[in-house]
Amino acid sequence: MTSFRSTKPQIDRVSFRRHDFLTINLEDGRILSVPLSRFPNIAKLTSEQRRKYHIADGIALMFPGDDEVYHINDFMGVNDVRFDNSASYQKESLPN
């Protein structure tokens, strides 16, 4: 049986096709769709700020105008250390 248990989730791309949802496409083909109501700081961003997202090491998202760094586990609703590569991200690394 093949499953995703041994697959480390990696963010491929992000979209906001519906105004109230964030969609994350993972490199392994999975698609996460999460309500923006769960992430109010992202919901407050302008369309332009949302389009300028930055993926860090395939496991975190950053947006200009938002000081938060969102880990893939935040969107998956898990707190699993197996996927934590112990990388720390600084907002200064976000491209302009």
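In this predicted model, a hairpin connects strand β1 to strand β2 through 5 residues. β1 covers residues 11-15 and β2 covers residues 21-26; the two run antiparallel and are joined by 4 bridges.

The pairing of β4 with β5 (residues 60-62) is antiparallel and rests on 3 bridges. His54 has Met62 in β5 as its bridge partner.

The loops on either side of β5 each hold a residue to look at. Asp57 is placed in the loop between β4 and β5. Its phi is near 55 degrees, which is a positive value in a residue other than glycine. The loop between β5 and β6 contains Gly65. Gly65 counts as exposed because its relative accessibility is 70%, and the cut-off for that term is over 50%.

The aromatic residues come next. A pair of aromatic rings is described by how far apart the centres are and by the angle of the planes. Searching the whole structure gives 5 aromatic pairs. One of them is Phe39 with Tyr70: the ring centres are 6.0 Å apart and the planes are at 80 degrees, so the pair is edge-to-face. This pair links distant parts of the chain, since Phe39 sits in the loop between β3 (31-35) and α1 (40-43) while Tyr70 belongs to strand β6 (residues 70-71), 31 residues apart. Both partners fall under the 20% limit for buried residues. Phe39 is buried with a relative accessible area of 11%, and Tyr70 is buried at 7% relative accessibility.

Tyr70 also pairs with Phe63. The centres of these two rings are 6.3 Å apart and their planes are at 70 degrees, so this pair is edge-to-face as well. Phe63 has 0% relative accessibility and therefore counts as buried. Taken together, ring pairs link Phe16, Phe39, Phe63, Tyr70 and Phe75 into a cluster.

What lies over the face of Phe16, a member of this cluster? The residue is Arg50, at 5.1 Å from the ring centre. Arg50 is part of helix α2, which spans residues 47-51. Arg50 is buried and yet has no salt bridge. The nearest side chain of opposite charge is that of Asp20, 8.6 Å away, whereas a salt bridge requires the charged atoms to be within 4 Å. The side chain of Arg50 does have a backbone oxygen beside one of its polar atoms: that of Ile42, at a distance of 3.3 Å.

From C-alpha to C-alpha, Arg50 and Gly65 are 9.3 Å apart in space, and they are 15 residues apart in sequence.

Definitions and conventions: Residues are numbered from 1 along each chain as its sequence is written. Side-chain values use heavy atoms; hydrogens and water are left out. Two strands pair if DSSP finds at least two bridges between them. Rings of Phe, Tyr and Trp (its six-membered ring) pair if their centres lie within 6.5 Å; planes under 30 degrees apart count as stacked, over 60 as edge-to-face and the rest as tilted. Buried means under 20% relative accessible area, exposed over 50%, partly exposed in between (1.4 Å probe, protein chains only). A charge sits over a ring if NZ of Lys or CZ of Arg is within 6 Å of the ring centre and within 35 degrees of the ring normal. Lys and Arg count as positive and Asp and Glu as negative; His and the chain ends are not counted. A polar contact is a pair of N or O atoms within 3.5 Å; within protein, one must be able to donate a hydrogen and the other to accept it, and residues adjacent in sequence count only if both atoms are side-chain atoms.
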